[in-house]
Amino acid sequence: MRHHSPIGPTGAQVAHTVREHRTTQGWTTETLAAEVTHRGVPLQPTAITKIEKAQRRVTVDELAALAAALDTTPNALLLPTNVDRDQPVHTTGRTPMRAADAWDLFTTATTDKGRRERSLPWWLRAPG
């Protein structure tokens, strides 16, 4: 029997935001599953239910397809969007950090050390 580690804070956030985005659009789990499957990542409505209840992990391919289907970004599924910038948030493997710092970390935005150039594609890096 395989034992899996529990879903962490980032997985729990994905569970919450997938459900939030789905219900805001008035979609059923069947509709979302069909939209994700249409994007090349087969997913059953029962899998959507398990994801939303944090009973099932989301693969990277599923995260990308869920974001595309829900017309949002993967980061918006991974991080809270309805909190104050100074509110502490939990991300997997990290101690709580300010929401603004979590978004900076996940989006390679400017930090106190400057833009994380190595994280950007070559065509977005500053010349020189």
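**Notes on the predicted model**

1. Leaving aside residues up to four places away in sequence, threonine 17 touches Ala76, Leu77 and Leu79, where a contact means heavy atoms within 4.5 Å. Threonine 17 belongs to helix α1, residues 9-24, and is buried at a relative accessible area of 1%. Here buried stands for under 20% relative accessible area, exposed for over 50% and partly exposed for what lies in between, with a 1.4 Å probe and protein chains only.

2. On the basis of these notes: this is a predicted model, in which local features need pLDDT of at least 70 and side-chain atom pairs count only at pLDDT 80 or more, while totals for chains, interfaces and linings use all residues. Residues are numbered from 1 along each chain as its sequence is written, and side-chain values use heavy atoms, with hydrogens and water left out.

3. The protein contains six helices and two strands, and along the sequence they follow the pattern α-α-α-α-α-β-β-α. Helices (H or I, at least four residues) and strands (E, at least two) are DSSP runs numbered from the N terminus.

4. In helix α2, residues 29-38, the buried residues are Thr29, Leu32, Ala33 and Val36. They span an arc of only 100 degrees around the axis, and are therefore on the same side of α2; the arc is taken over the directions from the helix axis to the C-beta atoms. The cover over these buried residues of α2 includes α1, α3 and α4. After α2 comes glycine 40, with a positive phi near 90 degrees.

5. The buried residues in α3 are Ala47, Ile48, Ile51 and Glu52. Viewed down the axis of α3, they fall within an arc of 135 degrees, so they line one face of the helix. Among the elements that cover the buried residues of α3 are α1, α2 and α4.

6. How do α1 and α3 pack, in angle and in distance between axes? The angle is about 125 degrees and the axes are 7 Å apart, with axes being lines fitted to C-alpha atoms, for helices over the stretch in contact, and angles running from 0 to 180 degrees between N-to-C directions. That makes α1 oblique to α3, since angles under 35 degrees count as roughly parallel, over 145 as roughly antiparallel, 65 to 115 as roughly perpendicular and the rest as oblique. Ala15, Val18, Arg19 and Arg22 of α1 make the contact with Ile48, Ile51 and Glu52 of α3.

7. Two residues deserve a check of their backbone. Most residues other than glycine have a negative phi.

8. For the chain as a whole, buried residues make up 33% of the 128 residues. Of the contacts between residues at least 6 apart in sequence, 45% join residues at least 24 apart. The protein exposes about 8,400 Å², of which carbon and sulfur atoms supply 53%, the areas coming from the Shrake-Rupley method with a 1.4 Å probe.
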